[in-house]
Amino acid sequence: MSDVPDPRVEAANEAPVRPERDFVLYWMIAARRPRFNFALERAVERAKELGKPLVVLEALRCDYPWASRRLHRFVLDGMADNRRRLARAPVLYHPYVEREKGAGKGLLAALAKRAAVVVTDDYPAFFLPRMVAAAAGRLDVRLERVDSNGILPMAAADRVFSRAFDFRRFLQRELPGHLAEAPRENPLARSRLPKLERLPEKIAKRWPAAGEAELGPGSGLLDGLPIDREVAEVATAGGERAAAKLLASFVEEKLERYDEDSNHPDAAATSGLSPYLHFGHLSAHQVFAAIVDREDWNPGRLGDGASGARSGWWGMGAGAEAFLDQLVTWRELGFNMCSRRDDHDRYDTLPEWARRTLAEHRDDPREPRYGLAELAAAATYDPVWNAAQTELAREGRIHNYLRMLWGKKILEWSQTPREALARMLELNDRYALDGRDPNSVSGIFWCLGRYDRAWGPERPIFGKVRYMSSESAKRKLRMRGYLETYGGESGSQAGLFE
């Protein structure tokens, strides 16, 4: 019997398991970690069941959308961590880094020809669903996709939720039955799998594994790759070790006051965990477990009923309750939409009321109006917006609260709402470490009315879409230090869009 909950496992094709073949293959594409990983756990179960070695393929292609030194470096850090940890495990780990476009073509098929079953990650956004679907149609062996994304399995919801309140109420009914279904911390511990020492020579020679030195930040590997070199690496290191260290410091030092301080840029109270969740270096279950330990919590403290209230249901401190609303409600609300709507990142998926009011104000005068290059360069009249864009370009992140203001101002400065959406996605996906993610899509579309309601008074450009201003932010938020840190720098990114 499988320990991985049934709702998290789905066959991607109708091909059979082939027990006569050499090994089980885990194609690691989203949950890029060896711990707290349902997909790896499923692959280990399959290998035990069949008495086969386990091969883990983690590949990094160079032609994915927005491929850059910044995103590549973050993934490579994770691959280096995985290589070190899995070197001591009964598994053959094959980290492959594509050196030129198309060089990796055929690697998955070659390995799958020798695999009894292939397991991969079920991730509902970016190009990954199309990639898995294409592979499923070509492979002659069973391909299973496994959901390791959130505390609630994506399949547990039978519809798309249009409001956070409704989804929160649904979670409060459904989550208690899933909280005990956590992935194992180390799926490979005491697994006693037979170990394959090397891949067939023909495969290993054509698609060689990246060495430990190559994966490191000083190797020069990035210099020769056909990726965007103008979006530079950032100081934030990727990988499970950096993620675990950041999680521990957040829970110990910031969680208690998260509800009071997280909106204030100068408080530096946000978790910074979203890039690690996005790239799969960190599991939502791992974060939840750390909070449970810090709060000395047990499920008996859960509230009765399902009121949809933002606080009080968990039976934890105010800081933990506020953070869990972000981690579980808002993050998994985005996965709910992405997993059920292939067009989740299209303008026409906005609520009807939002599209109607934005259309009614489509021709309102917009002054000033900025081009994409000016926005990328943080070259506007607004110092708060410029600081947020500079943080994005320089650090690969935007402060949580200011990300909302950032999007609202882009709507104000763009010729049409559709153009505003395209610009938000372009800037966020190119620069943000946590871009290209269901949660990023949710945040951007929220700026245009998704998951929100109509507001009054009706305003030019915005209509009934919620309005935000930099003046209000400066009055409400502590941000003098933030503006000093990120103010006064512009123009460095303009060339990317000229």
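**Note on helix packing, the core and selected loop residues**

1. Glu185 is found in the loop between α5 and α6 (201-206), where helices (H or I, at least four residues) and strands (E, at least two) are DSSP runs numbered from the N terminus. The model is a predicted one, in which local features need pLDDT of at least 70 and side-chain atom pairs count only at pLDDT 80 or more, while totals for chains, interfaces and linings use all residues. Residues are numbered from 1 along each chain as its sequence is written, and side-chain values use heavy atoms, with hydrogens and water left out.

2. Glu185 has a relative accessibility of 46% and therefore counts as partly exposed; buried means under 20% relative accessible area, exposed means over 50%, and partly exposed is in between, with a 1.4 Å probe and protein chains only. When residues up to four places away in sequence are not counted, Glu185 touches Pro34, Arg35 and Phe36, contact being taken as heavy atoms within 4.5 Å. Although Glu185 and Val160 are 25 residues apart along the chain, their C-alpha atoms are separated by 31 Å.

3. For helix α5 (residues 164-174), the buried residues are Ala164, Asp166, Phe167, Arg168, Phe170, Leu171 and Gln172. These buried residues of α5 pack against α12 (318-340), a helix that returns in several of the points below.

4. Helix α11 (residues 284-295) packs with α12 at an angle of about 160°, and their axes are 12 Å apart; axes here are lines fitted to C-alpha atoms, for helices over the stretch in contact, and angles run from 0 to 180 degrees between N-to-C directions. The two helices, α11 and α12, are therefore roughly antiparallel to each other, given that angles under 35 degrees count as roughly parallel, over 145 as roughly antiparallel, 65 to 115 as roughly perpendicular and the rest as oblique. On the α11 side, Ala284, Val287, Phe288, Ile291 and Glu295 meet Ala320, Phe323, Leu324, Leu327 and Arg331 of α12. Sorted by class, this contact of α11 with α12 has 8 nonpolar, no polar and 2 charged residues, where Ala, Val, Leu, Ile, Met, Phe, Trp, Tyr, Cys and Pro count as nonpolar, Asp, Glu, Lys and Arg as charged, and the others, Gly among them, as polar.

5. What is the angle at which α12 and α18 pack? The angle is about 95°, with the axes 8 Å apart, and that makes α12 roughly perpendicular to α18. Trp330, Arg331, Gly334, Phe335 and Cys338 of α12 meet Pro438, Asn439, Ser442 and Trp446 of α18, and by class the contact of α12 with α18 has 5 nonpolar, 3 polar and 1 charged residues.

6. The contact is made by Asp81, Arg84 and Arg85 of α2 with Glu240, Arg241 and Ala242 of α8. The residues of this contact of α2 with α8 divide into 1 nonpolar, no polar and 5 charged.

7. The largest nonpolar core has 159 residues, and those with the most contacts inside it are Tyr26, Leu54, Trp314 and Leu402; such a core is a set of buried Ala, Val, Leu, Ile, Met, Phe, Trp, Tyr and Cys residues joined through side-chain atoms within 4.5 Å. Helix α12 gives the most to this core, with 9 residues. Leu402 touches Pro265, Val384, Ala388, Leu477, Met479 and Tyr482, not counting residues up to four places away in sequence.

8. Leu427 is found in helix α17 (residues 417-431) and, at 0% relative accessibility, counts as buried. Leu427 and Ala376 are 51 residues apart in sequence, yet 6.9 Å apart in space, C-alpha to C-alpha.

9. Some backbone details deserve a look. Arg436, in the loop between α17 and α18, has a positive phi of about 60° although it is not a glycine, and at 5% relative accessibility Arg436 counts as buried. Tyr451, in the loop between α18 and α19, has a positive phi of about 65° and is likewise not a glycine; at 7% relative accessibility, Tyr451 counts as buried.

10. The peptide bond from Glu367 to Pro368 is cis, with omega near 5°, and Pro368 is placed in the loop between α13 (352-360) and α14 (372-376). The peptide bond from Gly456 to Pro457 is cis, with omega near 0°, and Pro457 lies in the loop between α18 (438-446) and α19 (470-476).
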